Amino acid sequence: MLAQTFGPGPALCRGRCASGHNGHLLLRPTASYVQRASQESIQRVQAAGDDQEASSSGRQDPVQPQPQKRRPQRRLPIVVTVDGAPAKKSKKRGKAGVQEAQAGTFQDMVKDTTTIEQLVELIAQKHGQPYKPAEVVLLCNQLGKLCHPEKMTVKTWGAAQDVTSQLLQGLDPFLSKLGPYEQVVLLASLAKVRYSPSQDWLQRYFDASIAICSQYGPGYITVVLRALTRMDLELWQLKEVPNFTQWMGALLAVAQAKVWAYRGDELVRTMVALGELRWRPPQDFVAAFNGAIKSRLDFLDPPLLSAVMLAYATLRIDPDPSLVRAMYTQLATKLPMLDDHELATTARALTLVKKVARHDFFTDFQAEVLQKLPTFKPHVL
């Protein structure tokens with residue numbers, strides 16, 4: 001095979017070669033090797049000529065496209081304008097259908113967002129176009145769902161606060177036009193974001209709520225009271241709002257009128273919220289709630305039972321002895337089901353029942369605490 005490629009191969013020189021060695025292997029290029037080398041030289045010369053001709057004629061060889069760096073998109077400033085006018089019904093059925101489809105699409109897009117950044121981008125895409133009040137409430141609600149202040153960075157939480165402020169600013173002229181559901185959802189959304197509304201805004205909200213709070217059901221009343229306890233507000237700031245007392249009176253009057261429509265957990269959470277607000281309700285309200293709670297004690301699980309006892313103790317309310325006996329009897333039967341946090345809550349609430357509880361209850365309670373003491377978390381201790 002080597003002979004076919006390189007010819008006869010190297011020949012042994014006879015006598016002395018030019019270098020003076022005897023028997024030196026002399027590599028002589030064969031005819032086939034010389035021919036191949038000359039052909040390769042001709043091909044290189046032709047290729048160089050083609051390149052020069054192409055450059056002179058303006059033609060260029062195709063170049064592999066280089067990946068382009070992605071430029072960051074410039075975000076539009078978030079400007080929220082609200083159009084409170086009712087939508088005009090078009091005479092053309094087709095146009096009305098398109099408007100309804102667009103509205104449905106926007107609501108779906110809002111609900112499909114999974115991050116605050118996506119929601120901000122969606123708001124920016126509608127730059128300059130007016131929102132309906134219900135759409136702003138929807139945006140606030142979605143923002144509340146996406147916010148987890150305990151897990152968020154300061155920067156992200158601050159961005160959520162800015163978006164909330166701009167949404168409320170656009171919605172402000174239309175607070176009085178919101179329905180009961182929208183009012184409740186709006187306040188609950190602000191609580192989820194841990195927002196701190198101004199006293200002026202709260203005053204306008206309370207005015208709007210007073211006008212229609214008679215339409216609130218037990219669930220709505222529970223939600224708005226709990227929302228106030230979860231905002232980034234001090235109690236003194238809340239109680240300095242001029243119409244806060246009037247709003248609380250109107251709300252509790254509706255709650256008292258509908259007390260028998262409450263579920264057991266709603267009764268407890270309403271009383272717990274009043275305890276966190278340090279708002280002692282009037283005596284007739286307490287009497288009505290005592291009767292409703294007593295009728296639902298069998299349906300209260302241990303966390304709710306200990307929570308309502310603590311709420312009574314916090315508000316320094318002395319319910320009638322029959323209710324207290326029923327409470328600690330229920331609690332005594334459920335002591336094995338209490339965890340460390342619930343036992344700690346119950347211990348704080350014992351100031352309520354110490355006057356009427358039997359000694360054996362405290363003995364059983366102490367034994368239960370000692371048995372579970374190794375499982376207590378440090379913050380509970």
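Visitor: How do the axes of α9 and α12 cross?
Guide: The axes of helix α9 (residues 218-230) and helix α12 (residues 264-276) come within 9 Å, crossing at roughly 30 degrees. Axes here are lines fitted to C-alpha atoms over the stretch in contact, with angles from 0 to 180 degrees between N-to-C directions. Helices are DSSP runs of H or I, at least four residues, numbered from the N terminus. This is a predicted model, where local features need pLDDT of at least 70, side-chain atom pairs count only at pLDDT 80 or more, and totals for chains, interfaces and linings use all residues. Residues are numbered from 1 along each chain as its sequence is written, and side-chain values use heavy atoms, with hydrogens and water left out.

Visitor: Which residues of α9 and α12 meet?
Guide: On the α9 side they include Thr222, Leu225 and Arg226, and on the α12 side Arg269, Ala273 and Leu274 are among them; contact means heavy atoms within 4.5 Å.

Visitor: New topic: where is Thr113?
Guide: Thr113 sits in the loop between α3 (93-112) and α4 (116-125).

Visitor: Is Thr113 buried or exposed?
Guide: Thr113 is buried, at 8% relative accessibility (buried is under 20% relative accessible area, exposed over 50%, partly exposed in between, with a 1.4 Å probe and protein chains only).

Visitor: And what does the side chain of Thr113 reach?
Guide: The backbone oxygen of Val110, at 2.6 Å. Leaving out residues up to four places away in sequence, Thr113 also touches Gln118, Leu119, Leu122, Gln142 and Leu146.

Visitor: What about Asp112, buried or exposed?
Guide: Asp112, in helix α3, is exposed at 59% relative accessibility.

How values were computed. Helix = DSSP H or I, 4+ residues; strand = E, 2+ residues; numbered from the N terminus. Polar contact = N/O pair within 3.5 Å; in protein donor to acceptor, adjacent residues only side chain to side chain.
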